[in-house]
Amino acid sequence: RQSQEMADLAGFYRAFGFNVGGAVRERHDHLSVELEFMYVLALKESYAATPERENNPEHFEISVDAQKKFLSDHLGKWMELFAKSLAHFAKTGPYVALAHFADEWIKADARRLGITLESRALDQIALTPFNPVESCAGCAIVETSEVS
């Protein structure tokens, strides 16, 4: 299931010219990557809505439809749970506040787009077993930040 999810995300990214890469890169399902992709889609929507682009409304529709599908199938499925889980374990702090802010922003975006996001409780999910191959242990950023 996890590999199918990653392939689906990669397909979304490729379809809109969004490249995840470089010397330091995150997984396709990382919060920062998914949020940045939503930014790209919103930017495409905004660009397509400018007066100079009036003769090409299909670009506007494509970007709006992609945002709806991406929120419904990916980011909107887990963001609320992420914020709840972070608050449960960390209680307070800047990351808890940022996670709640991001969750509320995504919910507002979903309302703007006319979609309803699933809401699940923490006890309704099962943790994915740890797989060292898919962990961040081998990421370039971890290697550069280790203290000798």
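**A pocket and the helix that lines it**

The second largest pocket has a volume of about 350 Å³. A pocket here is an open set of points on a 1 Å grid over the protein atoms alone, where a 1.4 Å probe fits, with protein on both sides within 12 Å along at least five of seven lines. Its volume is the space filled by probe spheres set on the points, which are joined across faces, edges and corners. Of the 18 residues lining this pocket (an atom within 4 Å of a point), Leu35, Phe101, Ala102, Trp105 and Ile106 are the closest to its centre. H2, H3 and H4 each give two or more residues to the lining. H4 provides the largest share, 9 residues.

The model is predicted: local features need pLDDT of at least 70, side-chain atom pairs count only at pLDDT 80 or more, and totals for chains, interfaces and linings use all residues. Residues are numbered from 1 along each chain as its sequence is written, and side-chain values use heavy atoms, without hydrogens and water.

Now the chain as a whole. It has 5 helices and 0 strands. Helices (H or I, at least four residues) and strands (E, at least two) are DSSP runs, numbered from the N terminus. Of the 148 residues, 26% are buried. Buried means under 20% relative accessible area, exposed over 50%, and partly exposed in between, with a 1.4 Å probe and protein chains only. Among contacts (heavy atoms within 4.5 Å) with a separation of 6 or more, 62% join residues 24 or more positions apart.

Which residues of H4 are buried? They are Val96, Ala99, Ala102, Asp103, Ile106, Asp109, Ala110 and Leu113. They lie on the same side of H4 because they cover an arc of only 150 degrees around the axis. The arc is taken from the directions from the helix axis to the C-beta atoms. An α-helix has 3.6 residues a turn, so residues three or four places apart point the same way. The cover over the buried residues of H4 includes helix H2 (31-48) and helix H3 (57-90). The face turned away carries exposed Pro94, Phe101, Trp105 and Arg111. Gly114 follows H4, with a positive phi near 75 degrees.

Finally, Ser63 sits in helix H3. Ser63 counts as buried because its relative accessibility is 1%. Beyond its neighbours within four places in sequence, Ser63 contacts Leu41, Lys44 and Glu45.
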